[in-house]
Amino acid sequence: MHPLIEGLKDGLVVSCQAYPGEPMRHPETMAQMAMAAELGGAVGIRCQGLADIAAIKGQVKVPVIGIWKEGDEGIYITPTLRHARCCANAGADIVAIDATRRPRADGLTYAETVRALHDDGTLVMADCGSFADAEQAVEAGTDIISTTLAGYTGEREKTDGPDLELLGQMVDAFPGVPVICEGRIHTPAQLAEVMEAGAWAAVVGTAITHPTSITSWFRDALPAR
Ligand SMILES: CC(=O)N[C@H](C=O)[C@@H](O)[C@H](O)[C@H](O)COP(=O)(O)O
């Protein structure tokens, strides 16, 4: 296994993303967020967009998992080989890509995309939405598989917390392949649960780095006014 992936074992990766139109959507702000997460013990940073990848890579020592989102429906997480190569060129140590079985905009199959990235020497993380996606990703020799898209592609119910069932299926079926649990881990207790379920590492985003969502969780606990 690549030492960089070995280094993520039993660790917390923090996803630092601000969405289009949001006040914190600025590479310097995201780099500050990433540095703060690193100080808190993150073993890796996941981030979005070429400017953020470059800014964060210049500031943190831990590995950077880069994605490039284009739109917000269909295949939008690093949708093509070109997007993935740009992430790698911007400095990402690992590039996460959509690993669903849906047709890709550049006409390449998922396996062809992974092959081209491996030929470049790029490590690939498969953002899966179902067990069948994970099977395809493993067959293609992907370096890391994850539950990132569970609940977002219509194949799995959107669970309140992390999709523990899918995580368990992936861990059982693919021993030897690092499985990252990502998506809706909102509390330290949930993080402990996914690690106990066999996750190689976990990615937490919203609950650490999205103050607008966190504020709304607290606001929703207030009495009606
Ligand atoms: C589905 C999708 O587009 N997920 C994105 C992938 O990068 C991000 O919006 C999430 O914040 C990230 O996966 C971390 O998950 P959570 O924020 O739930 O901890």
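What percentage of the 225 residues in the chain is made up of buried residues? Buried residues account for 44% of the 225 residues, where a residue is called buried if 20 or more other C-beta atoms lie within 10 Å of its own, exposed if 12 or fewer do, and partly exposed in between, with the C-beta atoms placed from the backbone.

## About the model

The structure is a predicted model, in which local features need pLDDT of at least 70 and side-chain atom pairs count only at pLDDT 80 or more, while totals for chains, interfaces and linings use all residues. Residues are numbered from 1 along each chain as its sequence is written.

## The chain as a whole

The chain contains 10 helices and eight strands, which are DSSP runs numbered from the N terminus, a helix being H or I with at least four residues and a strand being E with at least two. The radius of gyration of the chain is 17 Å, close to the 17 Å that the globule rule gives for 225 residues, so the chain is as compact as a globular protein of that length. Here the radius of gyration is taken over C-alpha atoms, and the globule rule is 2.2 Å times the number of residues to the power 0.38.

Along its principal axes, the C-alpha trace spans about 55 × 35 × 30 Å. Of the contacts in the chain with a separation of 6 or more, 57% are accounted for by residues 24 or more positions apart, two residues being in contact if their C-beta atoms, placed from the backbone, lie within 7 Å.

## The barrel

The eight strands form a closed barrel in the order 1-2-3-4-5-6-7-8, with parallel pairing, and two strands are said to pair if DSSP finds at least two bridges between them. From one strand to the next, the twist averages 25°, where axes are lines fitted to C-alpha atoms (for helices over the stretch in contact) and angles run from 0 to 180 degrees between N-to-C directions. Strands of a sheet pair through backbone hydrogen bonds, either parallel or antiparallel.

Strand 8 (residues 201–204) is joined to strand 7 (residues 179–182) by three bridges, and the two run parallel; Glu182 has Val203 as its bridge partner in strand 8, and Cys181 stands opposite Ala202. Four bridges join strand 1 to strand 8, again in parallel, and Leu12 stands opposite Ala202.

Helix 3 (residues 50–57) lies across strand 1 (11–16), strand 2 (44–48) and strand 3 (64–67), and runs at about 155° to strand 2. In this helix Asp52, Ile53, Ala55 and Ile56 are buried, and what covers its buried residues includes strands 1, 2 and 3 together with helix 2 (27–39) and helix 4 (81–90).

## Around the ligand

The ligand is surrounded by 16 residues, the closest being Ser15, Tyr152, Arg184, Gly205 and Thr206, where a residue is near a molecule if its C-beta atom, placed from the backbone, lies within 6 Å of it. Strand 8 and helix 9 (206–209) each supply at least two residues of this shell. By class, the shell has eight nonpolar, six polar and two charged residues, with Ala, Val, Leu, Ile, Met, Phe, Trp, Tyr, Cys and Pro counted as nonpolar, Asp, Glu, Lys and Arg as charged, and the others, Gly among them, as polar.

Arg184 is found in the loop between strand 7 and helix 8 (188–196), and its phi is near 65°, a positive value in a residue other than glycine. Arg184 counts as partly exposed because 19 other C-beta atoms lie within 10 Å. Thr78, in the loop between strand 3 and helix 4, also has a positive phi, of about 40°, although it is not a glycine; Thr78 is buried because 29 other C-beta atoms lie within 10 Å.

Thr109 lies in the loop between strand 4 and helix 5 (110–120), and with 13 C-beta neighbours inside 10 Å it counts as partly exposed. The C-alpha atoms of Thr109 and Thr80, which are 29 residues apart along the chain, are separated by 9.7 Å.
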